[in-house]
Amino acid sequence: MAPPRSKKRRPTFRRLLKTSSVKLDNKMKNRQMKQQSSTNKQRKEQKRMRQALKGSAHSMPRPLETYVKRAEEEEEEDFLETLPTDMMDDTDLQQMTSFLGRDLSSCAPVHGAKKRRSDVLPSYEKVPRKMSRVQEKEVVHLLPIKDKTGVIPQSLERVRTKPPDEDDKEDEEEATLEGEKEGAEPQIVATLTQEERASVRAQKIRERRLTIARLASTVISDPVNNIKCVKQLRGMLMEAESCVAVTVRKLVMVSLMEIFKDITPTYKIRPLTSAEKATKVKKETKQLREFEEGLLSQYKFFLEDLEQTIKDWKQQKRKRSQKVALESYSSLAQVAVRCLCQLLLAMSHFNFHNNIMVALAPLMNDKTVSQMCCDAFAALFHQDKVGGASLAAVRVISGLVKSHNYNVRPQVLRTLLSLRIKEVHVKKDLHATAPKMKMMTNKDKKKNLSRMQRKWKKAEEKLQQELLEAEALDSKDKKIQLHTDILNMVFLIYFRILKKAHKSLLISAVLEGLANFAHLINLEFFDDLLNVLQRLIQSGDLTNQESLHCIQTVFTILSGQGDALNIDPLNFYSHLYKMLPQLHAGAHSDDIITVLRCLDAMLIRRRKQVTLQRAMAFIKRLSMLSLHVLPNASVGILAANRAALHSFPKCDFLLDNEVQGSGFYLPELDQPEHCNAQNTALWELHTLQRHFHPVVRQLAVHLSRGAPSEGSAALSVELSRRSPVQLFDDYTMKDMTFNPPVAPPSHRKKDVFQWNTTLLHADLQEMIDSVLTASEEAELDFTMCVCDYHCYFNTPSVCVCVRLSLLL
């Protein structure tokens, strides 16, 4: 039988929750009441203490009289000291020590602290005044203490050996001595010799170097715990010693730069929010946050110091220090600029990178540090693979050019040539973007996925995107978009200069940049750009290099997307044909490489649009140009002629002397279509076969035999597979050396006149023999003629003896 059920009702779960919440509230209220009571109690005790201490310093006056101990008092003290304690019990000894340790001057009982007493102030007033027994001692009142007996005043006796007037005089003397020492230091340095000054300066620099090395090694060994040493290093930027201030500041700048390059993390530090700061974290996380915060602040201060040094140098003011002369700020500023350039390249991922760009951009137009800053920006463009830093730098350069009203150095725009832009979003024409109607094939039908397949495909795409984000890889679309924005900004700079400052010094850099990025220009700009370039060439204000860049831009456009345009660039062909004999043939023959690029776009890529007469005229004029240029330029031009002969096989007429056409060749005519180039021959190749450079001779022999691909006259694989531009760079003479080395000329013996040589005329031979035999027997007198007849060459005025004298 089951046990009877209890009649007591069990509380429900909801009731239990309700009662538990009530208990918790009661506990919280009790805890708060206890805290309030304890705080009120402490507040009352503090109030009583303040009342007791109020005026305690005034209640103990200075002693007005002194007295000497009596003999009975001294005997009583000696008796108490000699009293034996080994004869007492432990309880007696404890009572005696407690009695002796108590303040005898207080009238309160021993156990008076156990009672709550409100008459603290009257008991404190009953304490008798103590007088100092020695006149020379001064009593210094300290804060009182409180024990079981009550408030006990504290004092300290200080021996005063001199009156206050003498102390004041002594302080003044010390101050004057310090001032004299500071003023005497330059006098002592002035009395030293030059060698002693150099040794003192070397010793100070050595000490500063050791300090810098110690602090730097401390930071690098443990950056998280020793970030404060960076602040000490930054403090050395304000070195006060005038003889070593410049050197020490330079060393500190370079050391801090290397330290930040070593200890900086590979990510950008984000400032914490208020919620993140309030959240409790682990000890390691907190330590890492403190390190990041300290590193970021010190890095910011260091950049501000560098920028302030450059600003002081530009403004020629003494703001930061009076120990450094204005003449020394130039070298200091150059070191600061070099540090900023190094940080620009090494810290492109870290904070304040855009601030460094803004600080360095105006210095690109300064003649002192322009090359340094331009090289830094060019290196930044070259090493940036994604394009984020390059876009920010291009925007800064655009603002600089616009703010200076296009009056900047050409090197500023030439840095844009280092941009690594290969693919952008190109706007296509309407015909290419129009949707095309076509029938659906079986392959296209397979692409139509079911609902479940589309769902799986979407999940895979999402997973792939998450994987890319986890690996911190930038997508290709983002990279192309960044490159498109960069290119739009670059073309905006170029088109502004072409429109508003086409006669400035920047036109050369603009045309060079257009030639470099012409294959990326959109079709909508082609017509306007071609008209502008043609107008610039016809104006006659451009140099040869600028005109070549214009021609290169035009043909790069026409060989790419502009191939569909119906444009005949005959004027540009004629202008290049006219310019070829005017090119520089000396050491600065850099225009030849632009000519080679133009020929590749004009003749090789557009061979279907070029006539045979035009190709033959260019080959002939290029052969003439190869005679008076440097060896590397001759190699490049002959390689271009080889490519033209392969593209136009009928140009082998120029290698045959027997082929003749109508008319005569007109080399002075500047129209390649009407100069009758088919009536001439490439006689320059026979001259080039005796050239001192072996590669030029090899190419000349190869072209004179029709540029064959096989056989004895064929080129080697190394020469045949390289383009004319590559051959021009390979055989350059910038180092004043030949590549390959040129063999010295062979020393041949001079022809010696042989006495036994027999002449064809017998009578003349007999006469010469008789004269020679007579000269051996007697001396010849050439002042008078020895023969009565004249020479056989119908020259009666010249005698044979005179001819013999010339021979001898």
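This is a predicted model: local features need pLDDT of at least 70, side-chain atom pairs count only at pLDDT 80 or more; totals for chains, interfaces and linings use all residues.
Residues are numbered from 1 along each chain as its sequence is written, and side-chain values use heavy atoms, leaving out hydrogens and water.

**Exercise 1.** State how many salt bridges the model holds.

*Solution.* Apply the rule: a side-chain nitrogen of Lys or Arg lies within 4 Å of a carboxyl oxygen of Asp or Glu. The count is then 13 salt bridges.

**Exercise 2.** Describe the salt bridge between Asp305 and Arg234.

*Solution.* Step one: the N to O distance is 3.4 Å. Step two: Asp305 belongs to helix H10 (residues 283-315) and Arg234 to helix H7 (residues 228-235), so the pair ties together parts that are 71 residues apart in sequence. Helices here are DSSP runs (H or I, at least four residues), numbered from the N terminus. Step three: Asp305 is buried at 12% relative accessible area, and Arg234 is buried at 17%. Buried means under 20% relative accessible area, exposed over 50%, and partly exposed in between (1.4 Å probe, protein chains only).

**Exercise 3.** Determine whether Arg614 and Glu673, which form a salt bridge, are buried or partly exposed.

*Solution.* First, the closest N and O atoms of Arg614 and Glu673 are 2.6 Å apart. Next, Arg614 has a relative accessible area of 6% and is buried. Finally, Glu673 is partly exposed, at 21% relative accessibility.

Note on methods:
Helices (H or I, at least four residues) and strands (E, at least two) are DSSP runs, numbered from the N terminus.
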